Amino acid sequence: MKQLSGIILLGLVVLLGGCATTNIHNEHPLYAESAEEPHADVYFVRPFTQRSRGVADSPLKVELDEIPALSLAIGEYALLRLKPTTTDIIVRNLTFMTAQVNPVEVWRARRYKFEAGKTYYVVMKQEHEEFRGIYFIPELVDPRSAAEVAQRLRPAGALAKDHRIAGS
């Protein structure tokens with residue numbers, strides 16, 4: 001009976017994990033309040049992985065200066081309009097590490113400067129560190145690379161749906 005309930009629980013986790021979608025937080029001090037306000041268009045892109053990575057496939061938590069901005073599901077991208085700024089993009093995810101029974105939260109961060117009137121593409125690059133789990137690094141890429149990555153991805157949120165990455 002225990003084995004059957006374990007299988008059912010695992011099945012539910014896999015089923016619900018596949019339904020995860022991007023969630024954009026409505027408010028953040030770095031969000032431009034309107035399209036008329038000076039802002040940078042910043043796309044946050046999460047490519048598909050070649051194979052399942054278990055808990056690492058869960059939505060990534062993306063923070064700007066340690067304040068939650070969005071959770072980004074696998075195979076989706078979101079567009080945020082940010083005030084001109086220099087900010088730390090922090091990406092948090094769950095992963096398994098050697099000799100750990102339960103998954104742990106890990107993070108990586110990069111600092112980027114965003115200027116008004118420009119468009120930026122931040123791809124969540126997966127790093128697999130054999131014994132230290134899987135990390136995602138926010139990597140700034142050029143428009144051509146972003147278009148290649150975004151070909152099969154879903155836009156998340158009204159802003160991304162109205163302003164798709166060229167080629168996606």
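Let's start with Glu-76 and Arg-154, whose side chains meet in a salt bridge at 3.2 Å, N to O. By salt bridge I mean a side-chain nitrogen of Lys or Arg within 4 Å of a carboxyl oxygen of Asp or Glu. Glu-76 lies in strand β5 and Arg-154 in strand β10, so this pair ties together parts that are 78 residues apart in sequence. Strands here are DSSP runs of E with at least two residues, and helices are runs of H or I with at least four, numbered from the N terminus.

A quick word on where this comes from: the model is predicted, local features need pLDDT of at least 70, side-chain atom pairs count only at pLDDT 80 or more, and totals for chains, interfaces and linings use all residues. Residues are numbered from 1 along each chain as its sequence is written, and side-chain values use heavy atoms, with hydrogens and water left out.

Back to our pair. Is Glu-76 buried or exposed? Glu-76 counts as buried, at 5% relative accessibility, while Arg-154 is partly exposed at 39%. The cut-offs are these: buried is under 20% relative accessible area, exposed is over 50%, and partly exposed is in between, using a 1.4 Å probe and protein chains only.

Now look at the strands themselves. Ala-78, for instance, has Ala-156 as its bridge partner in β10. There is also β2, joined to β5 by 7 bridges, and that pair runs antiparallel. There, Val-45 has Tyr-77 of β5 as its bridge partner. For two strands to pair, DSSP must find at least two bridges between them.

Tyr-77 brings us to the rings, as Tyr-43, Tyr-77 and Tyr-121 form one aromatic cluster. Rings of Phe, Tyr and Trp (its six-membered ring) pair if their centres lie within 6.5 Å; planes under 30 degrees apart are stacked, over 60 edge-to-face, and the rest tilted. How many aromatic pairs does that rule give? The count is 4. In one of them, the centres of Tyr-43 and Tyr-121 are 5.2 Å apart and the planes are at 10°, so the pair is stacked. Tyr-43 sits in β2 (residues 40-46) and Tyr-121 in β8 (residues 119-129), 78 residues apart. Tyr-43 is buried at 6%, and Tyr-121 is buried too, at 11%. Tyr-112 and Phe-114 make a tilted pair, 6.5 Å centre to centre with 45° between the planes. Both Tyr-112 and Phe-114 are buried.

Rings can also have a charge over them: NZ of Lys or CZ of Arg within 6 Å of the ring centre and within 35 degrees of the ring normal. The charged end of Arg-46 sits over Phe-136, 4.9 Å from the ring centre. Arg-108 does this over Tyr-135, at 3.6 Å.

Let me finish with the other salt bridges. The count in this model is 9. Among them, Glu-139 and Lys-125 meet at 3.8 Å, N to O. Glu-139 is in β9 (residues 133-141) and Lys-125 in β8, so this pair ties together parts 14 residues apart in sequence. Glu-139 is partly exposed at 32%, and Lys-125 is partly exposed at 35%. Finally, find Lys-61, Glu-63, Arg-92 and Glu-105 in the structure: these four are linked in a network of salt bridges.
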